[in-house]
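Here is a short briefing on one chain and its contact with a partner. Look at the structure first, then read on.

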Amino acid sequence: MEPLVELTAAHRSGTLADRYSDVPALLSGLSDADLTRAGQILSTVDRRAVRERHPAVPELRVAVTGHGTLSGIVAPLTAELARHGLLPDIRVGDYGTYVSDLSSPLSALHDGDPKLVLCVLTHHAVFEQVPVPWRVEDAVAALTSQVGLLRGLVARYDGSATLVLNTLPLPQSVLARLVDHRSRARLGAAWREANAELLRLSVEHTGVVVLDLDALLAGGAALSEPRMSGYAKAHLTPELLGAYARQVGHLARAVSGRGKKVLAVDLDETVWGGVIGEVGQEGIEVADTYRGEAFAAFQGVVKQLASQGVLLAAVSKNDLAPVLDALRTHPRMTLREEDFVRVVADWRVKHEHLSQLAADLNLGVDSIVFVDDNPFECGLVRHALPGVAVVQVDAEPALHVEKLLRDGWFDAVEATDEDRARPARYRDELVRTDFLQSFDSLEDYLAELGVRVRFEPATAAEAARVSQMTLRTNQFNLTTVRLQQADVLRLLDDRDAEVLVIESGDRFGDNGLVGAVFLRREGDAVRIDNFVLSCRVFARGIEQTCLAEVLRRAAATGATHVLASHRPTAKNHGVGEFYPRNGFTPVGEDGGVREFRHDLADIPTGHRHVRLTAAATPEGSTA
Amino acid sequence: MNTIDEFVALLHDEVGLPVSADDVETGLDQVPGWDSVHLLTLMMALERRTGRTIPMPELLEAPSLGHIYRLASA
């Protein structure tokens, strides 16, 4: 059955909530127009029923405000969030209230703790402030005041949700009202300056994203439809709202900890033209020919993603030797062996390799994006590993780049230095895995590994990385409380709270900032609000060492006990016994959340093979 | 679009509105689940379906779904 027909049938028969877990697959191949129609249907789903039947589906609240009628955003945004496996709860604010929505902490905009606040603006917000007839100076003055207003709103905004603004479009229908080109140029130049200033807001403020509407318009979406805009004040077309919603969907994935981390690419006809096993290194197309240049462009994009922290792997049905040889020695190849954290070439089915890759990198398979030109391989992976995002390219390599980039799989609010160093760290990790296999026991291995840990209060400079750890870490994340950078900065200013960061290293090099512990003083107790550790480094004694240090420090500051909890999610069941295994006593359970207590009578020492190089010094009454 | 049933099916499938043929002649404020938000979606769906431009000021002033149906099928 056609996906949209199937969705409609489920809607008619009242089984949409039951089938909510099938929705991402049903939406995966839909056109933008069909996505909006699907979103219309999905926006009627009974959220309570979905919550009951699919408790593992994360809910995401989005608050929408802005200028004009914005209800048209609900359908496409619903579809985009559902496509990424989320249960959307989208609230559109009252007409024309964005200034009070954003400036008042008590506004309904903040109800229910939204993760994203969208403030959708167009040029109409500027032009309703100018007289008729207007001169260029009038328009520039109104524009300047609009940007000033937004600057003020952003500066005062104190919600914890990521605030999403957009640049203002300048359509020909406005420019054409000026008859001379010099005036048009003056307005156009002032307009770009204003947009540049808006874009800079997201550079200057954490937790603020400014979407570049010009980029979406350049992609071919029409800005507005005169009747919709004139009569209904719906100033943006469904196509543009669809493109906007797509971008917001990528952001939603990032802020809810569902960003992808691994790019696994097929080689023949995906990364280069031709089948290397047949035509040899001399015969594959990687440059200089029409198709070769298209593949070179794709390789360039893949290399660029890898340089920003995406873990790149090759999964190819080939013999390994010619593949490695081509990556090492082909004079015109853009991608090189060192761009990859792993190159697999053999004749096993690909989904087994993807599972293995995820296991070796200590990540879930749903962190993987897989690109292949072979419909059979794509279908097999979709079937065997539904969590993997499959990008199916075809025989036209010039389209590869767009297909890979259009879903912003790796979008993040901010990339840190840690991100850029990640591929190298994971490559080291695979070397460690080989090193591990040469030892009889884990203890012997750890004794040789020489793990060292720095465990200290976080600095403001580390807030971005700490936030990211809470967003990206799913397995060793005891309460899965996601924090944006602004939340972390707030904690650093909170006298009763303390954020400790974990940095580790070993004989193979530095791991960088790999974890964080969030503490809160509650009278005589210290509460561990959360404990997050990168999956790259757990099970090496680092977590025991840091937990012991938390207990030691709590006792040193006069606390009588330490409280902690485990809030189960689909991913973190592996750490359910972390606290009891380390001397904590279970003291209760509430809605699946287990509470633990340590009375500080018997404080364990850290792991014997882990060296704490700099212990945090307890200060004042804070933990 | 030739019948009121097709119109009701379109309301159901494209607007996500659970109406029956009985609701068509009641005032829009009495239609279960109706919200002015639905009007733009309905207009786009009707224009796509009929390939015709619907006079929007009249649509905005239409008192019932039946009125909208007649505008679209006129």
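The mean pLDDT (the predictor's confidence in each residue, from 0 to 100) of chain B is 85, and 99% of its residues reach 70 or more. This is a predicted model: local features need pLDDT of at least 70, side-chain atom pairs count only at pLDDT 80 or more, and totals for chains, interfaces and linings use all residues. Residues are numbered from 1 along each chain as its sequence is written, while chains are lettered from A and ligands numbered from 1 in the order in which they are written.

**Confidence**
- Within chain B, α2(B) has the lowest confidence, at a mean of 85, and helix α4 (residues 65-73) has the highest, at 90.
- The model scores ipTM 0.80 and pTM 0.76.

**Fold of chain B**
- Chain B has four helices and zero strands; helices (H or I, at least four residues) and strands (E, at least two) are DSSP runs, numbered from the N terminus.
- The C-alpha trace of chain B spans about 30 × 25 × 20 Å along its principal axes.

**Contact with chain A**
- Chain B brings 12 residues to the contact and chain A brings 15 residues; two residues are in contact if their C-beta atoms, placed from the backbone, lie within 7 Å.
- On the side of chain B that touches chain A, α1 (4-14), α2 (37-50) and α3 (56-61) of chain B each supply at least two residues.
- α2(B) gives the most to that side, with four residues.
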